[in-house]
Structures are given as C-alpha cells and as structure tokens.
Amino acid sequence: MKRIIFLLAGGFILAVPATSNGQLLKKLKEKANSAVNKAIEGKTGNETQENPNSSSSSSESASQSGSNRPVNKGGAGLKNTAPPDVNAAMDDATKSFTASSYSDARYSVQQALMGIEIQLGHELLKTLPDNVDGMDKDTTQDKVVSTQWGWNNMTIQRVYSDKKDKQCTITIGNNLLYSGLVNAYFGNAYAVESNGKDQNVKQVKVQGNKAIISYDESKGYTLIVPVGQSSMVVWECINFANEDEVMNTANAFSIDNIKKTLGEK
Amino acid sequence: MKKYSILILILSFTVSVNAQDFAKDIADAKSSYSAGKLADAHFSLEQAIQEIDMIVGKEVLKLLPAKMNDQASVEKNDQVTANVGFVGATVHRSYGDTTGSQVEIISNSPLIASLNSFLNMPLVGGMMRNSTTKVVKIQGYKSRLEKQGDNQNGKPNYQLQIPFKSALITITANGMDENAVMSFANSIPLDKIAALIQ
C-alpha cells in the first residue's frame, strides 16, 4: 500500500511537468511554425500572388512525389457535443440503481456530474472580468473541462491578451492532490528561500488567501492560490514587467466569488 | 445456519438503507438543480456515487473466496471504505489470523487509472521479468506477480497485482507457493468483479 501511494505521488509529480512541458513545447512549436511561415510568405509572397498555379501545383507535386501518401488538406474538424442532460441522467441513474445495474447507475450519475460541472464552469466564466490590466478576454480560448470523476481535475480556463506579447491565462481547477501539495508547501516555508537575490518562488497573499508566486525565464510568472479544501486558481502571466503587475491582475478577480461558485469555504 | 441467516438479514438491511440513501441523494440533487444551486446538486451527486461504491464494495466481498489456500478469511476484518475525494472505494478482506494475507480492491478511481499506466510500463512499473517479478495472465488479465521474500517458516510470500481500467486488485499471499497463489487468483470471478468495479 505504501508503494502504491509513493507511485501515485510520483505519477502526479511527473505528470505536472510533463503536462506543462508538453503544452509549452506545443506553444513553442506553434510559435516557431508561425515565424517560419511568416518568413516564407515574406520571401515568396509576390511570387505566390503572380503564380498562384505554381504554388498549388508544387503542393500537388509534393503530395504526389513523396511517398504517395495523401496529405490532409482540410476538414470540418470536430463539433462540440452538447453537455449531458442532467435531469435525464439522474432519472437513468435511478432506473439503473433500482434494477441493481450499479455500473450503469454510476455512469449515469457521472454524466449528471459532468453536466453540472460544465454548467458551473460556464457560469463562473461569465463572472470573470472582461478586461484586466489593459488585456481583453479572448473568449475563443475559454475552456471548461470536466472529467466526470466528481470535481477532480475539473478545469476552467480563460485567456486575457493585449494582442501583442502580454498574456495572462487564468485556470480554476479542482485537484485534491495538487492543492494538497500546495498546502503542504506552506507547511514547509523554511525550504522556500534559496537566496535573497535570486529567489524565484515566494509566498504572497491574494485577497487574504495564501499564495505562491514563482518566476521562470521561459514561462514568466505563475501565481497559485489554493482555494478551499481542494480547488486552486492559477494565473500564468507572460511578459509581465514585474510581480506587482501580476498581483494587480490577480486582484481584479474575486476569489470569494470563485469560492462561492465552487461551493468551497 | 442461524448465524448466516442473521448476517444475510443485516447485509440486506444495509443494502436497503443504502438504497434509501441513494434515492434521497438523487432527490436532493434534483431539487438543488431545479433551484439553480449547482454546487449543492454536485455535492448530492457525489454522495450518490459514494453510496453506489459502498454497495458495489459489499457485492464484491460476497464474490471473494472464503479461503486462500489453507487460510480462512477473517470476517471481522472485512471492510469497504470510501476513498478520499469521493472517488471509488477500497474493499478489503484478510485471510489467516496472523499471516498478513489479504485481498484489496481499489475501485472506480482515476488515481488508479494513472497508476495502472505505470504498472503496465515494463521499465517503470515492473510489467517485466526479473529475479523476483514476472508477468502472468489470470483469466486473460495481464498481471504482475512479485515474490516478496519468505515468511518466518521459510515459505514464500507473493504479491499479485491485477490492474483494470480504473481499478486494481492486489492479492498478498504470504506463506504459500506460486501454484497456490495462481490457483487462488484463478478462483476469483474476475469478470464479474470487473463488471462491478469499473
């Protein structure tokens, strides 16, 4: 059993940087692709306009001369499925439970939970400010993720941007293990400080709530506030001038409102 | 016989009480949801899931064998415990008074789903063969058998882990040889348990 707990803890500790590194690498790749594409357009833009057929024929020849494997050129993508009907799911759960189909009953309750979490996530997004510190919300990047495991790993995300380099991503999530690790961090404050000059992690307060702020050259500022018993609010701030800007941004959000919506104390 | 009749009566009463709890939780969830109290509805549904997990746990206990080789089950130690954070339950049955042999089943847990991905990795989790560990199949389920030294009588101790999608069965068999462990594991109705715990 101790081994299982150790592996679980190790798994999640590995999963956090793996997940964040994966996302960072993806963002870097996207930025690199974007830069390369811009360079190519700059060099060949006139040629492309004068010879539109040559560019299309070259792409056709590329698809043909390679390995004869077709290259995807487009598609409608995936459509968002509607969230589960909460009332219908609860009725299904009752029927399955009465018939002693416990696995089906469980599934139906999980669907109802997912429906509620998605609704709750959207409600919370509506309460977040439209503009923060000169950055406007980018609703195209709004996300509500429910894993149907009952709060665990539920994630609500919104991005604010000044349309240039400055961006702030706020993620509100529920994760018992991560928030537990953050809370354990506060109990070991002596391990926080490296040296006074190069301290890159420190404790602060946001609207009276204990928080951790960290800085990384490649990621910018990250501010984490554990909320209630198992939730967290995380701000990831890119190209912010200093930590005061980060704190001002964070203070534009109401932690009490977030707590109330999530049912936390 | 009278003892078993009373036990069945108590278990039936418990299941009946849990059924009422489930119905109440769903009713509370519906009324909270109708009133727009999403957090309250959410909490009631989590309670409902926990009721299901506890009932399933008790059903799983009924399916476990009464004996592990020559070690009888210790009824007073039978346990079904809800896991932290409303995710699944842990079913426990021990065998032999002092042997430490037991069966533990963690059900419906997303944490276990992550752990199982480790267990299934040859290098990290140990689904590999070395001097103490090997991969076996129990009723078609890939499992990890590990020899864990010997007991005080010089007989071997084994641990068998059978991962499912979001559940894990761990059999700790102390003081018996590998054939006895495999025989015991094969006597467990894994398909029925798998259908309940996932």
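Guide: Let's start at A:Lys259, which touches A:Asn209, A:Val227, A:Gly228, A:Glu264 and A:Lys265, leaving aside residues up to four places away in sequence; a contact here means heavy atoms within 4.5 Å. Before going on, please note that this is a predicted model, in which local features need pLDDT of at least 70 and side-chain atom pairs count only at pLDDT 80 or more, while totals for chains, interfaces and linings use all residues. Residues are numbered from 1 along each chain as its sequence is written, chains are lettered from A and ligands numbered from 1 in the order in which they are written, and side-chain values use heavy atoms, with hydrogens and water left out.

A:Lys259 belongs to helix 7 (residues 255-262) of chain A. Helices (H or I, at least four residues) and strands (E, at least two) are DSSP runs numbered from the N terminus. With a relative accessible area of 16%, this lysine is buried: the cut-offs are under 20% for buried, over 50% for exposed and in between for partly exposed, using a 1.4 Å probe and protein chains only. A:Val233 lies 26 residues from A:Lys259 in sequence, and their C-alpha atoms are 9.9 Å apart.

Next comes helix 6 (residues 243-251) of chain A, whose buried residues are A:Val246, A:Met247, A:Thr249 and A:Ala250. These residues span an arc of only 160 degrees around the axis, which means that they sit on the same side of helix 6 of chain A; the arc is taken from the directions from the helix axis to the C-beta atoms. The face turned away from that buried side carries the exposed residues A:Asp244 and A:Asn248. At the start of helix 6 of chain A, a side-chain oxygen of A:Asn242 comes to within 3.2 Å of the backbone nitrogen of A:Asp244. That is a polar contact, defined as a pair of N or O atoms within 3.5 Å; within protein, one must be able to donate a hydrogen and the other to accept it, and residues adjacent in sequence count only if both atoms are side-chain atoms. In the loop between strand 8 (231-238) and helix 6 of chain A you will find A:Asn239, whose phi is near 60 degrees, a positive value in a residue other than glycine.

A:Ala250 also leads us to A:Trp235, as the two touch. Other contacts of A:Trp235 include A:Cys168, A:Tyr221, A:Leu223, A:Phe253 and A:Ile255. Together with A:Leu223 and B:Ile171, A:Trp235 has the most contacts inside the largest nonpolar core, a set of 90 residues. Helix 4 (residues 102-127) of chain A supplies the largest share of this core, 11 residues. Such a core is made of buried Ala, Val, Leu, Ile, Met, Phe, Trp, Tyr and Cys residues joined through side-chain atoms within 4.5 Å. In the loop between helix 3 (86-98) and helix 4 of chain A is A:Ser100, with a positive phi near 60 degrees and a partly exposed position at 44% relative accessibility.

Stepping back, chain A has 7 helices and 8 strands, and 35% of its 265 residues count as buried. Among its contacts between residues at least 6 apart in sequence, 54% join residues at least 24 apart.

B:Arg93 is placed in strand 4 (residues 89-95) of chain B and counts as buried at 9% relative accessibility. Its side chain reaches the backbone oxygen of B:Pro65 at 3.4 Å, and among the residues that B:Arg93 touches are B:Leu61, B:Ser73, B:Asp78 and B:Gln102.

Helix 5 (residues 190-197) of chain B also has two faces. B:Leu190, B:Ile193, B:Ala194, B:Leu196 and B:Ile197 are buried, and they line one face of the helix because they fall within an arc of 165 degrees seen down its axis. B:Asp191 and B:Lys192 are exposed on the other side.

Finally, strand 6 (residues 133-138) and strand 7 (residues 141-150) of chain B run antiparallel, joined by 6 bridges; strands pair if DSSP finds at least two bridges between them. B:Lys134 stands opposite B:Leu145 there, and B:Gln139, in the turn of this hairpin, has a positive phi of about 50 degrees.
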